[in-house]
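Let's take a walk through this structure together, one stop at a time. Keep the 3D view open and follow along.

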Amino acid sequence: MRRFTLIAVPYLWLLALFLVPFLIVLKISLSDTALAIPPYTPTLDFSGGWSAIKDFFSKLDFENFIFLTEDDLYWKAYLSSLQIAGISTLLTLLVGYPIAYGMVQAPDEWRPTLMMLVILPFWTSFLIRVYSWMGILSNEGFLNQFLLWTGLISEPLIILNTKIAVYIGIVYTYLPFMILPIYAALEKLDISLLEAAEDLGCSRLSAFWLVTIPLSKGGIIAGSFLVFIPALGEFVIPSLLGGSGTLMIGKILWEEFFSNRDWPVASAVAVILLLILIIPIILFQRNEQKAREADQ
Amino acid sequence: MKFRFLTMTASLALFAGAAVAEEVRVYNWSDYIDEALLAKFEAETGIKLIYDVFDSNEVLETKMLAGSSGYDVVVPTGTFLQRQITAGAFQKLDMSKLPNHANMWDVVEKRTAQYDPGNEYSINYMWGTTGIGVNVGKVTELLGEDAPINSLALVFDPANMEKLASCGVHFLDAPSEMIPAALKYLGEDPDSHDPDVIAKAEGVFMPVRPYIQKFHSSEYINALANGDICVAVGWSGDILQARDRAAEADNGVEIAYNAPVEGAQMWFDQMAIPVDAPNPDAAHVFLNFIMDAQNMADASNYVYYANGNKASQALLEEDVIGDPAIYPDEATLDNLFTTTPYDSKVQRVVTRLWTKIKSGT
């Protein structure tokens, strides 16, 4: 009985916060747009009894999903989002791993401070931090002023409103999500394993490749998923830092929803995005499960 | 424990807020009022004013169509207002509660009646034109003294845009304004709803697209004023605000606004009360306050937009009422055009074209 309640709580949580909203979005994705409040039809009305409910279901169809296949815009946007999220994840890993590694190597008394420094940016609103990047990267921004002053460049660099700014924004924002799981994995690493490797004639570099990296794999995978999943549907960063050429599914979704007032097509775009995301989430879950079993 | 206490008081405050009648929630465009007026409203009426801002009609419209927005007064532009009235989003105004309505200007009301027949659902707040703002120094440096700063050719002729690209050009991210402008440039009917005619706008935007730094509807005010960009297609008063901010900052940036000689779009921002407004009485008090001649004059003097209030004109400063960029003379007025809302099929064509223009896909 106790076991059952223990399992029921997270499942109820999942049901309330994931499944119910998903079903609502799915329902809208099968409807048609209308000029009304709310702007789609049919709407579910329980007061009409069984026949009204049957009537409601008979009016749903997959028209909007078919529409998405007819215009190559949507596939291009999904692919471009996957590419941007993938490259950002890789960059975050390249920046985050050395930081996590350095934190583990640091003397014990420094670690709480270093940890604090990684978490500290979260105390400022996400939006304000992205806006600050606009101030840093713009043509007349701090970065260009500094570089012009040093004489390294003679013309301001155009960074804001390009893909590069989007990468900078995503890497900066999600860096802690990469550092923390890698740090947790590296912290557990048994130093004596590295000593053994060196005793057996391994150079420091190959010991890092052959021992440290494989043993921190769990952290790398967890960190990568924590960055990749939100980056894929990212809307704020590309719309503030990106230019008009930065095609991302979050922006397409916004346009369907706001410019076209087409909630059904917007919902269909969201349902497909979710399906794309569910695959890595399931892989992630499986990986976690394996790690837990290995621990026991 | 402290945290829980905080959330509890917060939710209590929410319930209390719902119970108190004397509160009005206003949702208006960003940079669109003299903040001193907000304090004056609270002091005069004793009604608590919650003032929120947006920068696109699309965002407002989505909130209206979702219903239960919680706002008592919103400010859509004419074309959007018309569609939202059809959707049943607004309530008719109770003129008996709006004695200051007598101050309104018939010249504007005649035009707004095409969106809101009989002006039953809305009052005019501000109106203006969509035109071109330039950093005079930088543009003449790049294009010479005879740069066509009062013509759409400045932003639609690739030869000009290629030279301007280095100093930064912003376009409004508003297809319902940019596409009519492109059609006007081509000599077509700017208010055309024919997909074949609308498609011709693509030929105007595609050649200049590589030279546009950003499509955005509010960033250009600061960007122009700071000297970050040198040309923006934008709304008259916003560009005049940029002009003022640059003058205040004394940073050597000189901004000028022109309604294009080919013809400029004229638009009307209308205050209306959502059908499910929590406090329609307070909303009427707010509308009446806004229609007061002195208050409306203060607002226009601050934001550099013309208003639909005849009585306020005597109280306007000379650099507002006397500026043809704000209050156009008869000849310019004849050259302005208005547009009507697209139906959902045409809207999809327009949005798709706009996405193609913005992203190249």
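Where is the place of Asp31(B) in chain B? Look in the loop between β1 (23-29) and α2 (35-45) of chain B, and you'll find Asp31(B) there. Keep in mind that this is a predicted model. Check the backbone while you're at it: phi of Asp31(B) is near 50°, which is a positive value in a residue other than glycine. With a relative accessibility of 34%, Asp31(B) counts as partly exposed. Ser68(B) also has phi near 50°, again a positive value in a residue that isn't glycine. Ser68(B) sits in the loop between α3 (57-66) and β3 (73-74) of chain B, and at 64% relative accessible area Ser68(B) is exposed.

Staying in chain B, move on to strand β9 (residues 264-272). Nine of its nine residues are buried, so the strand is largely enclosed by the rest of the structure. Ala264(B), Met266(B), Phe268(B), Gln270(B) and Ala272(B) point one way from β9(B), while Gln265(B), Trp267(B), Asp269(B) and Met271(B) point the other way. What does β9(B) pair with in the antiparallel sense? That's strand β4 (residues 122-135) of chain B, over eight bridges. Within this part of the structure, Trp127(B) stands opposite Phe268(B) in β9(B). There's also strand β11 (residues 336-337) of chain B, which runs parallel to β9(B) and is joined to it by two bridges; here Ala264(B) stands opposite Leu336(B) in β11(B).

Now for charges. Side chains of opposite charge can pair when their charged atoms come close. A search of the whole structure turns up 19 salt bridges over all chains, and a couple of them take you from one chain to the other. Glu256(A) forms a salt bridge with Arg348(B), the closest N and O atoms being 2.8 Å apart. That pair crosses between chains, going from helix α13 (residues 249-259) of chain A, where Glu256(A) lies, to helix α18 (residues 344-359) of chain B, where Arg348(B) lies. Glu256(A) and Arg348(B) are both buried. Arg348(B) also meets the side chain of Asp262(A) in a salt bridge, at 2.6 Å from N to O. This pair crosses between chains too, with Asp262(A) in the loop between α13 and α14 (263-295) of chain A. Asp262(A) is buried, as is Arg348(B).

Is Arg111(A) buried or exposed? Arg111(A) is buried because its relative accessible area, 17%, falls under the 20% cut-off. Its salt-bridge partner Asp108(A) has its closest O atom 3.7 Å from the N atom of Arg111(A), yet Asp108(A) is exposed, with a relative accessible area of 56%.

Elsewhere in chain A, a negative surface patch is formed by Asp190(A), Glu195(A), Glu198(A) and Asp199(A). Asp190(A) is found in the loop between α8 (163-187) and α9 (191-199) of chain A, and Asp190(A) is partly exposed at 40% relative accessible area.

Finish with two peptide bonds in chain A. A cis peptide bond joins Ile37(A) and Pro38(A), with omega about -10°, and Pro38(A) is in the loop between β1 (32-33) and β2 (40-41) of chain A. The bond from Thr41(A) to Pro42(A) is also cis, with omega near 0°; Pro42(A) is found in the loop between β2 and α2 (49-58) of chain A.

Key
Residues are numbered from 1 along each chain as its sequence is written. Chains are lettered from A and ligands numbered from 1 in the order in which they are written. This is a predicted model: local features need pLDDT of at least 70, side-chain atom pairs count only at pLDDT 80 or more; totals for chains, interfaces and linings use all residues. Side-chain values use heavy atoms; hydrogens and water are left out. A salt bridge is a side-chain nitrogen of Lys or Arg within 4 Å of a carboxyl oxygen of Asp or Glu. Buried means under 20% relative accessible area, exposed over 50%, partly exposed in between (1.4 Å probe, protein chains only). Helices (H or I, at least four residues) and strands (E, at least two) are DSSP runs, numbered from the N terminus. Patches are made of residues with over 30% relative accessible area and no salt bridge: like charges are joined within 9 Å, nonpolar side chains (Val, Leu, Ile, Met, Phe, Trp, Tyr) within 5 Å. Accessible areas come from the Shrake-Rupley method with a 1.4 Å probe; for residues, only the protein chains shown count as cover. Lys and Arg count as positive and Asp and Glu as negative; His and the chain ends are not counted. The place of a charge is taken as NZ of Lys, CZ of Arg, CG of Asp or CD of Glu. Two strands pair if DSSP finds at least two bridges between them.
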